[in-house]
Amino acid sequence: MYPASPGFYPSNVPPDPPVIKDLTGNVLRGLIGPYDEGDPLQLICDVTGGKPPPHISWWHRTADSEAQLLDDSYEVASGGHVRNRLELPELARRHLLAVLVCRASNNNMSLPLETSVTLDLNLRPSEVSIETDFNPLLAGREVNVSCVTRGSRPSAVLTWWKGGARLADTGGGAAGRSTLRLRPHSSDGGQWLVCRAANPALPGRGAEDARRMEVHFPPEVELRLTSHDSPQVREGSDVRLECRVRSSPPASGVQWRVGGRELAPSAALHLASNTTLLIRQVPRSLQGSYTCRAGNPLGEAESGPVDIRVQYAPSCRPPETARVGAGLHEAVKVTCEVEADPAEVTFYWAVAAGRKRAVDRAEPADGLRSVATYVPRSERDYGRLLCWAVNVLGGQRRPCEFHVVPAGPPRPVKGCQAGNVTVRGFSLRCLPGDDGGLPQKFSLEVFAAGGPGHACALSGPRTESSLPEFHPDGLQPSTAYLAVVTAVNARGRSRSVVFRVLTALGPTEAPLDGNSSFPQH
């Protein structure tokens, strides 16, 4: 290497003008590039001729300042060839349109020879900014979001991204600006909305700005059965329901419903948390269609239904015991009905009378009903007739009982009371007496009570009913009537019960005796 100033020679020969080349030997002139911001740059300045050999240096010249020395090291090759290699480790924004000058000089008497090049650069975006303050957002409501970028050469392309996926719906805009027409979904809450600026000439060297989205929306409610794989549950098992609520702002609470009615507190119902309902030892009475409901300031929502079907072993359809009247050597049909789920059941009959025997015939089961024929052939055949059913969950804990008794006429009604007495009628309600083991009906006859020495006159036709409840009307005001109630079955009639009723007084009449009842044959 040679020192910064050339030595002294008796006669000087100027060198040829400097030649600037790239590493491949291409001669560079004027505007060169474009080069990429951040990349290194190496330029070679070659000078031939000159006596003594010239001193070669690199300078950076700007329009508003004097030239600054970059490198004054050089090497002399054979044949008087001199070279200076300039290395810039990283091109920066300040190098845009920078003028790099190679100078060659071998004396102090003449001006140095110069050759220069001007650098053209591709610049990455220096700034990206989402300008719109859009939070919070409302789900389903469109909003325009703007983004600007600066510092890119050539101009940057702006793109929008959400959750790692590019958004295609942009409203366009001027150079360096983009407007996104955004219609947020409830699932967008918490995701990042990104505006990304990229220089096409500098792939992978873009810049971006991101905003975390806050999206408000009314509740989205889903109900799940978490304790069973199937909504068919066995009676007595525990059932857990989970109400999953997505809401922003948060929901104020959860309401539980079954069959459209709000659940009333009970020993079986337990809120394990605000969103979890535990039904302990689920009874049949709590089967049905369950929903949950939640609300926030933006609205309310109800989940789809979860239908819980409680399956159970058979049990008697009420009443569990009944009386059946039958005469000796008289066939009676006894109907046994049960409740069960699944409804595929098998029935069994047994006789628990004075001696061991079977029913005479049991018809094939009709769903949850079975009919048996029984004939008492002696007094010892009167007693209990038992029926029970079995399904895949087991058999009845208690059988259905039918007490086979000798058939007879019914007993009289009792406890009759009149009510709702008006000028034209009244209501009469009694309690049934013993039915004699057979289905019974009830009849009512109403007579106008005559005075002393006068017969009673029948008022209206006889009324029949399956229950001892009657509502006669069309009567006279301020009149005493006798209501005669009789029970009837296939074996005969009961004794009649007579009930005295006084219709309401006319406007100018004095009161008569009160009401009373007494039995008659």
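Me: Which elements have the lowest and highest mean pLDDT?
Reply: Strand β45 (residues 516-520) has the lowest, 46. Strand β1 (residues 19-21) has the highest, 96.

Me: Where is pLDDT below 50?
Reply: One such stretch is residues 1-9, with 16 contacts beyond near neighbours in sequence. Residues 517-521 also stay under 50, with 12 contacts beyond four places in sequence. Where pLDDT is low, predicted coordinates should not be read in detail.

Me: What makes β20 and β24 a pair?
Reply: Pairing needs at least two bridges. Strands β20 (residues 239-248) and β24 (residues 276-279) are joined by 4, so they pair, and they run antiparallel. In one of these bridges, Leu241 partners Leu277 of β24.

Me: Why are β11 and β23 called edge strands?
Reply: The open sheet has the order β11-β18-β20-β24-β23, with mixed pairing. β11 (137-138) and β23 (269-273) each pair on one side only.

Me: What lines the largest pocket?
Reply: The lining has 15 residues; Glu235, Arg284, Ala313, Pro314 and Arg397 lie nearest the centre. Strand β27 (residues 306-316) gives the most, 6 residues. By class, 5 are nonpolar, 4 polar and 6 charged. The volume is about 360 Å³.

Me: What is the make-up of the lining of the second largest pocket, by class?
Reply: The lining has 9 nonpolar, 2 polar and 6 charged residues. The largest share, 5 residues, comes from β29. This pocket's volume is about 280 Å³.

How values were computed:
Residues numbered from 1 in each chain as written. Predicted model: local features only at pLDDT ≥ 70, side-chain atom pairs only at ≥ 80, totals over all residues. Heavy atoms only, no water. pLDDT = per-residue confidence, 0-100. Helix = DSSP H or I, 4+ residues; strand = E, 2+ residues; numbered from the N terminus. Contact = heavy atoms within 4.5 Å. 1 Å grid on protein atoms, 1.4 Å probe; cavity = no way out; pocket = protein on both sides within 12 Å on 5 of 7 lines; lining within 4 Å. Points joined across faces, edges and corners; volume = space filled by probe spheres on them. Nonpolar A, V, L, I, M, F, W, Y, C, P; charged D, E, K, R; others polar.
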